[in-house]
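The points are grouped by topic.

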Amino acid sequence: MVAELTTLRDQIDEVDKALLKLLAKRLDLVAEVGEVKSQYGLPIYVPEREISMLASRREEAQQLGVPPDLIEDVLRRIMRESYTSENDKGFKTLKPEMGPIVIVGGQGKMGQLFSKLLKLSGYQVRVLEQNDWPDAESILSGAGMVMVSVPIHITEQVIQRLPKLPEACILVDLASVKSPPLQAMLDVHSGPVLGLHPMFGPDVGSLAKQVIAYCDGRQPEAYQWFLQQLQVWGAKLQAINAVEHDKNMAFIQALRHFATFTYGLNLSHEKVQLEQLLALSSPIYRLELAMIGRLFAQDAELYADIIMSSKDNLALIKRYYACFGDAIGWLENGDKAEFIDNFNQVKAWFGDYATHFLNESRTLLRQANDSRQ
């Protein structure tokens with residue numbers, strides 16, 4: 001038995017080595033693709049190509065007796081690495097005559113990410129930090145774009161502190177709240193104004209498939225090239241007005257972060273043993289616990305700013321609190337029928353999305369289970 005297993009394992013090792021060589025060859029080809037895309041200004045992420053390729057590989061896997069989900073999982077992981085590798089080849093400069101781009105807060109993590117991408121695209125980047133304000137006019141001299149990337153609670157203050165910018169200069173902010181910063185930019189600058197909200201953290205390896213919400217401010221024709229540059233980097237752009245953006249962010253960020261914060265707070269108050277929770281958890285609870293822990297691995301002030309950025313957020317959280325109280329009432333009264341009735345109402349509200357999310361979550365749960373030690 002031992003001899004048979006050893007022989008089979010040796011054969012598996014040889015197949016693994018062959019796979020490694022094929023992966024290395026694929027990454028080499030990806031690097032060549034990256035150079036071509038860079039030369040012609042093509043985006044690193046092309047959804048139509050990805051969908052077509054995955055459909056073909058799934059069909060071929062089926063014919064070979066290989067589970068289609070397996071090959072799709074493998075290819076998606078390879079593609080994620082490929083998108084990151086393509087970054088190293090740089091990107092086409094869509095606006096070669098562009099003046100220096102000044103990032104206010106460029107030493108912050110998000111500022112560093114945009115600085116890197118802009119430099120990879122051939123633009124001259126300057127940085128304006130807190131200690132540089134005495135030299136602000138010199139640093140901003142001749143700027144083609146000024147990008148404000150600072151904490152939310154000082155974004156408006158920093159915008160208002162800017163000296164007079166060149167008329168054609170594009171003024172951009174990266175705050176996760178849009179209405180107040182956008183208005184502040186419109187007030188201090190008579191030229192092009194654009195509000196951006198990157199819907200990702202600065203630790204992403206690539207902008208491929210990452211969503212960036214944008215709010216037109218003034219003279220959109222002046223910054224269309226920059227929106228195209230974001231797409232070249234792989235980003236998916238979502239146009240929205242500032243008011244609607246902030247309404248949606250109240251749910252996506254403020255309410256969600258507050259609920260996560262309070263759940264983590266309660267766990268700490270209950271003095272739960274995390275090791276035991278992890279040992280006993282299902283994949284879905286392990287994933288939920290990971291997302292809670294992720295919040296507390298980051299900057300407390302950032303999340304305080306997001307949650308407390310608007311009185312509307314507080315009103316929304318209070319409505320959530322009232323809804324929570326209603327649900328507790330059903331438990332206190334042992335009203336199972338009321339619980340089931342409300343459950344089914346929510347199920348009907350989700351409609352087909354419920355089944356879609358069920359299927360989508362299976363991949364996430366498999367990955368969560370794979371990481372279990």
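R58 is partly exposed, with a relative accessible area of 28%. The model is predicted. R58 belongs to a salt-bridge network that also takes in E50, D69, E72, R76 and K209. Across the structure there are 11 salt bridges and 12 aromatic pairs.

**Salt bridges**

- R58 pairs with E72 in a salt bridge whose closest N and O atoms are 2.6 Å apart.
- Because E72 is in helix α3 and R58 in helix α2, this pair ties together parts 14 residues apart in sequence.
- E72 has a relative accessibility of 18% and therefore counts as buried, the cut-off for buried being under 20%.
- E72 also forms a salt bridge with R76, with 3.0 Å between the closest N and O atoms.
- Both E72 and R76 belong to helix α3, where they are 4 residues apart, about one turn of the helix.
- R76 counts as partly exposed at 35% relative accessibility.
- A further salt bridge joins the side chains of E50 and K209, at 2.7 Å from N to O.
- That bridge links distant parts of the chain, with E50 in helix α2 (residues 47–64) and K209 in the loop between β5 and β6, 159 residues apart.
- Salt bridges that share partners join E50, R58, D69, E72, R76 and K209 into one network.

**Positive phi values**

- K209 has a phi near 75°, a positive value in a residue other than glycine.
- The loop that holds K209 runs between β5 (193–198) and β6 (211–218).
- Q219, which is not a glycine either, has a positive phi of about 55°.
- Q219 is placed in the loop between β6 and α8.
- With a relative accessible area of 29%, Q219 is partly exposed.

**Aromatic pairs and cluster**

- Among the 12 aromatic pairs found in the whole structure, F91 and W233 form a tilted one, 6.5 Å centre to centre with 55° between the planes.
- F91 lies in the loop between α3 (68–87) and β1 (101–104) and W233 in the loop between α8 (224–232) and β7 (236–239), so the pair ties together parts that are 142 residues apart in sequence.
- F91 and W233 are both buried.
- F261 and F296 form another tilted pair, with 6.3 Å between the centres and 35° between the planes.
- Since F261 is in helix α9 (residues 242–269) and F296 in helix α11 (residues 283–296), this pair ties together parts 35 residues apart in sequence.
- F261 counts as partly exposed at 34% relative accessibility, and F296 counts as partly exposed at 46%.
- One aromatic cluster is formed by F91, F114, Y123, W225, F226 and W233.

**Nonpolar surface patch**

- V346, W349, F350, Y353 and F357 make a nonpolar surface patch of about 590 Å².
- Two or more residues of the patch come from each of α14 (336–350) and α15 (352–370).
- Helix α14 gives the largest share, 3 residues.
- F350 is located in helix α14 and counts as partly exposed at 33% relative accessibility.

**Strands β3 and β4**

- Strand β3 (residues 145–148) and strand β4 run parallel and are joined by 4 bridges.
- V146 stands opposite L171 in β4.
- Strand β4 (residues 170–173) is covered on both faces: I170 and V172 are buried on one side, and L171 and D173 are buried on the other.

- T155 is part of helix α6 (residues 152–161).
- At 2% relative accessibility, T155 counts as buried.
- Leaving aside residues up to four places away in sequence, T155 touches V148, V150, A175 and P181.

Methods: Residues numbered from 1 in each chain as written. Predicted model: local features only at pLDDT ≥ 70, side-chain atom pairs only at ≥ 80, totals over all residues. Heavy atoms only, no water. Phe/Tyr/Trp six-rings, centres within 6.5 Å; stacked < 30°, edge-to-face > 60°. Buried < 20%, exposed > 50% of the residue type's maximum accessible area, 1.4 Å probe, protein only. Patch = residues over 30% accessible without salt bridge, like charges linked within 9 Å, V, L, I, M, F, W, Y side chains within 5 Å. Areas by Shrake-Rupley, 256 points an atom, 1.4 Å probe, with all protein chains shown as cover. Salt bridge = Lys/Arg side-chain N within 4 Å of Asp/Glu carboxyl O. Contact = heavy atoms within 4.5 Å. Pairing = 2+ DSSP bridges.
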